[in-house]
Amino acid sequence: MKEYIGYSIAPGLIAGNVTLVDSDIYTVSKGHIKDSEVEEHIKSFQNAVTLSISEIDLLLTYLETRAREERNILQSHQEILKDKILIEDVAIIIREELKPADRAVQEYFNKMIDHLSDIDDVVLSQRKEDFEDIKMRIIRNMHYQDIHIKDFVKGNKVVVLAEIIPSLVLSIKDSHPLAVIVEKGSPHSHSAIIAKSIGIPVIFNIENALKEFKENDFVIVYGDEGKVILEPDEKHIKDYEVFQKNAKKIFKEKIALLKTPTLTKDKTKIELMGNIEFPEECEIPEVQYIDGVGLFRTEFLYFMENAFPSAESQFKIYRQVIENFPDGKPVYVRTFDVGGDKLQREFGLHKEVNPNLGCRGIRFLLKYKEIFRQQILGILMASAYGNLKIMLPMIASIKEIIESRELIEEEMALLRKKKIAFNDKIEIGIMIEIPSSAILADQFAKHADFFSIGTNDLTQYVLAADRNNEALADEFTYFDPAVIELIRTTIKAGKKHNIDVKLCGEMASDPIAVPLLLGLGLRSFSVNISGIIQIKKILSRFTIAELENFYKKHQSTSQEELQRVYKQLTKQ
Amino acid sequence: MITITVMLTNKLGIHVRPASLISKTASKYKSNFLIRKDDMEINGKSVMGIMMLGAGKDTELELFFDGVDEQEMMEEIVELFEEKFGEE
């Protein structure tokens with residue numbers, strides 16, 4: 001018996017025989033290519049570079065509030081991938097030396113790496129690792145373009161792979177294996193998020209799995225703990241059998257809990273929704289059985305393709321999402337919240353010294369109206385299939401709402417003319433994340449069908465504290481009394497004008513902050529999927545009256561004190 | 001053509017960030033830009049090229065600017081070196 005520990009990506013417990021998918025993704029081709037194949041190989045190389053760039057973009061969106069160091073490294077890799085001369089040099093090797101694309105990449109980078117090894121400078125020679133990394137990323141992306149997992153997976157097996165990319169996760173799903181074990185991979189990657197939705201246990205980062213396991217070895221996979229046991233002993237097998245008997249019951253209990261309405265201790269109904277980024281996430285039980293999707297981020301649509309998709313292809317995605325909710329539960333689609341810092345190149349925007357204070361969110365959309373129109377058209381067409389709502393990001397003035405509404409009206413007119421069905425009563429609301437909109441919430445409410453408070457940006461703008469600056473992270477939080485006051489103002493304005501006020505920022509997923517928000521009058525929470533069960537339990541622990549009193553008692557204090565008392569309150 | 005010699009004074013030498021800063025800045029101009037270290041000469045508009053130099057702290061580099069906007073290009077590039085790429 002031997003035990004292996006990795007990252008838990010998707011839960012579940014299953015036993016079975018392994019099958020190794022030794023796809024040999026890093027071994028490059030031998031020999032030479034024909035003249036007629038040159039262009040095809042150059043194209044495949046260029047595709048792999050483009051894919052690598054957008055892959056890093058995607059990684060960066062996840063790392064936003066995390067590891068700064070890792071961000072810097074990835075950004076520098078991206079710079080190298082965007083180097084026109086790198087592209088030309090490799091193309092020359094393919095064209096002149098008739099080397100296959102993967103081998104050309106390998107030789108080119110190895111030359112660099114050898115060269116750097118000769119340099120007598122510790123700092124500089126460490127760069128070798130960067131080049132090694134970039135080389136592997138390109139080669140991997142080149143090879144994955146033509147791998148089909150179905151060729152490898154036969155029957156009910158536990159699949160073991162070296163690495164995984166999103167398209168591979170989806171093709172694995174179709175071949176119904178028992179579980180997936182991957183040697184490498186980050187829990188924050190796009191692959192990890194999609195892997196959560198395929199409904200089988202998935203574990204990343206079991207080192208050397210392909211060497212440690214042999215074909216048909218018997219293993220038990222503990223998805224919840226990220227653990228694999230090779231050749232388990234009697235005791236483990238017995239436990240497993242008992243578990244399997246109970247498994248159905250436990251799953252049923254979880255579903256039952258999810259299906260019960262979310263109520264406070266005094267039976268006040270609370271709306272509990274999820275934040276998602278990918279359509280596949282709708283299939284997770286946590287999303288299926290709650291009150292809908294309070295935040296569907298759409299930025300991934302851009303990062304997947306490195307271009308803004310057409311109305312038609314967006315329509316398909318929004319429709320796929322909303323068709324998961326035939327019972328009329330809402331999905332709040334937030335229009336693209338991207339900024340000049342990421343799109344400078346494509347749009348010839350000026351370099352922004354402060355991208356967070358620059359042309360992003362609705363400012364970008366109102367400047368590049370065609371992109372906005374395509375997205376609106378996509379959402380409107382999908383609105384015929386369910387309860388979709390439009391949510392506008394980074395609203396700073398009423399003028400921006402009016403302009404957006406005019407644009408939406410124009411697209412509606414177009415659809416009417418073409419006799420294409422859509423919901424002409426579709427709700428259009430705004431994110432409250434810039435202080436101006438919270439301060440004048442009473443006036444903004446007259447122009448919006450709902451408010452959704454984004455606490456991460458609101459905190460950053462109220463306190464002038466960059467949310468990615470770790471040195472400021474502890475001191476400048478959404479527990480700051482000024483942030484709390486603006487949330488209170490927004491909730492009050494919403495009540496007065498009879499529009500819904502939701503909160504979809506990190507704060508709604510923070511079990512310590514939830515009782516505070518209930519005490520402020522918030523009744524709608526949109527939280528990270530992984531936190532749904534925890535937040536549902538927290539919501540049921542208190543009565544509204546007790547939380548209102550608790551807030552009154554502690555309202556005039558510091559953020560540290562507020563954090564402390566609410567931590568105390570929620571401690572079990 | 002303008003030729004100028006600069007000394008690398010920042011602690012880490014030309015790692016990826018300075019290399020991309022230099023190449024990005026150079027790419028804004030039409031003129032050609034070459035960097036020479038010992039007997040090695042590379043295109044200053046390429047991140048890979050600049051990194052290949054393997055230039056650490058206290059290395060001397062020769063910069064060559066040649067073209068219609070060489071003066072402006074030289075001024076902006078030299079400023080980057082003088083400011084130690086904004087690192088210290």
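Visitor: What makes the four strands of chain B an open sheet, and in which order do they come?

Guide: The order is β1-β4-β2-β3 (chain B), with antiparallel pairing. Strands are DSSP runs of E, at least two residues, and helices are runs of H or I, at least four residues, both numbered from the N terminus. Two strands pair if DSSP finds at least two bridges between them. At the edges stand β1 (2–7) and β3 (40–43) of chain B, each with a single partner strand, so one side of each is left without a neighbour in the sheet. From one strand to the next the twist averages 25°.

By the way, this is a predicted model, where local features need pLDDT of at least 70, side-chain atom pairs count only at pLDDT 80 or more, and totals for chains, interfaces and linings use all residues. Residues are numbered from 1 along each chain as its sequence is written, while chains are lettered from A and ligands numbered from 1 in the order in which they are written.

Visitor: How do you know that β2 of chain B pairs with β3(B)?

Guide: Four bridges join β2 (residues 32–37) to β3(B), and pairing asks for at least two, so they count as a pair. The two strands run antiparallel. For one bridge, take B:Leu34, whose partner in β3(B) is B:Asn43.

Visitor: Which residues of α16(A) are called buried, and why?

Guide: Among them are A:Phe372, A:Ile376 and A:Leu380. Buried means that 20 or more other C-beta atoms, placed from the backbone, lie within 10 Å of a residue's own; 12 or fewer is exposed, and in between is partly exposed. Each of these residues is classed as buried, so each meets the 20 or more cut-off. Their cover includes α13 (311–322) and α17 (398–417) of chain A.

Terms used: Contact = placed C-beta atoms within 7 Å. Axes fitted to C-alpha atoms, helices over the stretch in contact; angles between N-to-C directions.
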